[in-house]
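Take a look at the structure below. Keep it in view as you read.

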Amino acid sequence: MSNGKHRQSVQRNLIVNTTEIAKMANVSVSTVSNWKRRSDTFPEPVGTKDGKPAFDYDQVAEWLQANNKEFDDNRTRNLVWEYANLVRGKVETTEGMALFITLLHLRKAANEYGLETQWQTLIDGGDRGSWLSYLDAVDAVEHEAGHALSNHVVTYARGLVESVSVEIIRDVVALVNAINLSKIMTAVDMVIDAMGNGRQAYLGDNGSPLYRLMAEMANAWAKICPNPDPTFYDPACGGAFVAMQVALHNPQYRFALADINSLAAVIAQARFFLQFGKNATETIVLNDLIRNDPFPGLKCNLSVVTPPRGLSASADTGVTDPRWAYDASNGAGRRPAFPSETAFLQDCIFHLDGAGRAFVALRPSFTTGRLFANLRRRMVADGVVEAIVSLPRRQLRDTSIPIDVWVLSKVEGRNHVHLIDCISATEEVAREGLPAYLSEPLNGYTDGKYRWMDVECADILADENISLAPNRWIKPQGMNPKNICFESSAEISEIRQRLGQVDDESNPLRDLPNSLANMKESRVFTLRELVDSNEAELIRGNTQSVGRAAVYQEDVITPKVLSEGMASLTKSADVGKREHVTEPGDIVFRKLGSTCAAVDVEGGHRMSHAVLALRMKGDDWIPEFVAICLQAAWNQKDTPQNIAGQIDPLDMELPVVSLEMQRKLVEIQRAADELKRLSAAATDYADTFCNAIRFGAEEGEEAGCRNDGQQYRL
């Protein structure tokens with residue numbers, strides 16, 4: 001490649017085979033074959049891919065659009081996966097991800113800095129010298145402008161040019177160049193998901209609940225920040241996911257970012273440049289925060305950091321560093337090694353200006369552990385702890401432990417701390433009084449179903465362990481005396497109502513015989529036999545969950561909905577071409593695990609892929625009877641006969657009996673279910689009565705009344 005001979009251009013177009021076209025247009029492969037056979041204008045193949053005819057993506061997309069065919073424009077995704085296949089086995093996964101993002105950055109630089117001619121030389125098969133010349137040109141432009149927006153990327157690229165086969169880089173450049181500039185950030189996120197796959201912990205976790213919540217808190221604060229020239233600071237920026245969200249919503253901010261990992265610095269810098277080009281306002285430095293202050297003299301208005309967990313700093317590290325205002329050794333003599341999180345915590349406090357806010361994610365041990373009691377004591381006494389937000393488990397993909405968000409600020413004369421509990425399940429809507437930059441994000445995070453209270457700093461300092469855990473100070477749900485009184489009203493009313501139903505003369509349980517009469521075994525049909533004879537139809541759900549968190553919309557029947565009840569379902573409105581919708585009277589059941597079945601009385605709901613619907617034809621079956629039989633012992637997967645541990649839905653059995661006998665069983669089952677609900681209501685009231693003994697009960701305006709109109713009190 002570097003012998004001076006002529007090199008042909010490696011400009012390449014994206015090609016797709018018939019299977020990929022079918023996926024684009026959400027049709028079958030046979031439909032694509034019909035288009036090819038019947039349309040004179042359908043594009044001609046340009047080669048083969050995976051043993052099938054391959055077509056130019058752009059020509060196919062143009063044909064689909066011209067013929068009014070709906071399709072997903074997945075060009076960028078296909079290019080990313082083609083790249084992943086290209087480098088698989090040739091470069092290490094992390095290097096492959098960084099290589100792709102680096103080349104995207106360099107392509108953007110050509111557009112931003114007028115280097116299109118030099119870039120075209122690389123597209124046409126530039127050798128190692130051409131690459132180094134191009135990197136020098138990018139460096140020179142930014143050096144003259146006085147803002148190093150590509151220094152980490154250029155340094156990394158020089159190393160790639162020296163260590164990676166130029167042939168590989170040349171093939172990758174062709175793919176990078178085929179990506180539309182408007183989709184370049186989408187390509188970055190896709191390659192991080194495809195090749196990082198959550199394993200690159202140093203980049204952060206863009207899709208995690210924690211990062212989304214912290215970004216929303218940061219943006220909510222940024223909206224009211226009084227400084228006209230504000231600065232965002234993150235000393236462990238990773239892939240700069242939170243910083244990017246703030247930058248997108250608050251262009252007035254400058255960004256001071258640091259990280260100890262060189263690849264993190266490369267990817268963070270590339271993401272900023274690809275999003276904002278030469279208008280980017282970030283400065284990124286490679287730095288070991290424990291040994292060096294990345295931005296001496298910086299005072300920021302907003303800081304968000306998720307420190308690396310589980311690392312420790314030497315006792316002799318920076319003992320005279322002015323950032324370490326708080327002793328992390330809990331008052332012992334010689335300071336032992338301390339967790340690095342305490343360094344990041346103190347670094348954030350040191351760099352905050354008088355009106356700034358910092359949001360720091362820490363393990364719960366920093367909130368309650370005795371090792372850090374002295375640290376908490378000093379911070380609370382100094383008034384720098386504004387709030388603690390306790391979050392539930394699994395806020396990050398690489399850990400299942402809960403996370404606490406510390407909200408820090410330097411407010412004179414602070415006498416209380418907001419303690420906010422987002423862990424304990426609650427049906428109470430949070431009361432007002434929190435600052436908007438806390439309440440607005442939390443309302444979106446928990447639908448307002450979190451508990452909080454202001455705790456006096458004096459009370460915290462008087463606590464033996466100086467605990468900042470919200471659940472240490474906030475009474476459990478329902479333990480407020482007025483709530484206890486209010487809840488008991490509803491529970492007593494429900495018990496009386498259900499007792500009335502049980503005592504009703506028409507209750508079928510009153511007429512039960514002393515024993516069952518002799519009954520001969522009924523004729524039994526499998527669902528397969530009923531379906532084959534057209535007496536029933538079995539419909540398999542095919543609605544998929546939405547997003548990385550696998551969330552279903554509120555109109556979809558899922559196994560969880562079957563277990564908890566279908567009352568919360570809404571009617572399906574936007575239904576996909578291939579999605580199935582229930583009709584009134586369909587018996588819906590889950591196909592895995594122990595069967596749970598219910599009758600969809602209203603119909604009009606989509607079903608998840610783990611749910612089936614049985615639609616009986618004719619008037620020989622009562623739907624509730626069928627649902628009872630589907631849940632019977634002989635149709636469960638864990639029967640002794642079922643060694644495999646699962647049962648084919650078509651092998652499930654239904655006995656054939658008269659409508660009168662079906663109706664009798666349904667009536668008895670309804671009465672039994674009513675007794676269960678009565679038992680549950682009585683159990684709830686017993687719990688409330690027990691809580692009243694412990695916490696008291698207090699009448700209020702919300703308290704209920706007896707039927708005789710008199711106020712009651714426990």
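This report covers a strand and its partners, a helix and a loop glycine, all in a predicted model.

## Strand β4

Start with strand β4, residues 231-234. Thr231 and Tyr233 point one way. Phe232 and Asp234 point the other way. All of them are buried.

## Partners of β4

Strand β5 covers residues 254-259. β4 and β5 pair in the parallel sense, over four bridges. Here threonine 231 stands opposite arginine 254.

Across it, tyrosine 233 faces serine 303 of β7.

## Helix α13

Helix α13 runs over residues 262-276.

Twelve of the 15 residues in α13 are buried. Among them are Leu263, Val266, Ile267, Phe272 and Phe273. Arg271 and Gln269 are buried as well. At the start of the helix, a side-chain oxygen of asparagine 261 comes within 2.9 Å of the backbone nitrogen of leucine 263. Glycine 277 follows α13, and its phi is positive, near 60°.

## A loop glycine

Glycine 297 sits in the loop between β6 (282-286) and β7. Is this glycine buried or exposed? Its relative accessible area is 69%. Exposed means over 50%, so glycine 297 is exposed.

Histidine 351 is 54 residues away from glycine 297 in sequence. In space, their C-alpha atoms are 7.8 Å apart.

Methods
Residues numbered from 1 in each chain as written. Predicted model: local features only at pLDDT ≥ 70, side-chain atom pairs only at ≥ 80, totals over all residues. Heavy atoms only, no water. Buried < 20%, exposed > 50% of the residue type's maximum accessible area, 1.4 Å probe, protein only. Helix = DSSP H or I, 4+ residues; strand = E, 2+ residues; numbered from the N terminus. Pairing = 2+ DSSP bridges. Expected span 1.5 Å × (residues − 1). Polar contact = N/O pair within 3.5 Å; in protein donor to acceptor, adjacent residues only side chain to side chain.
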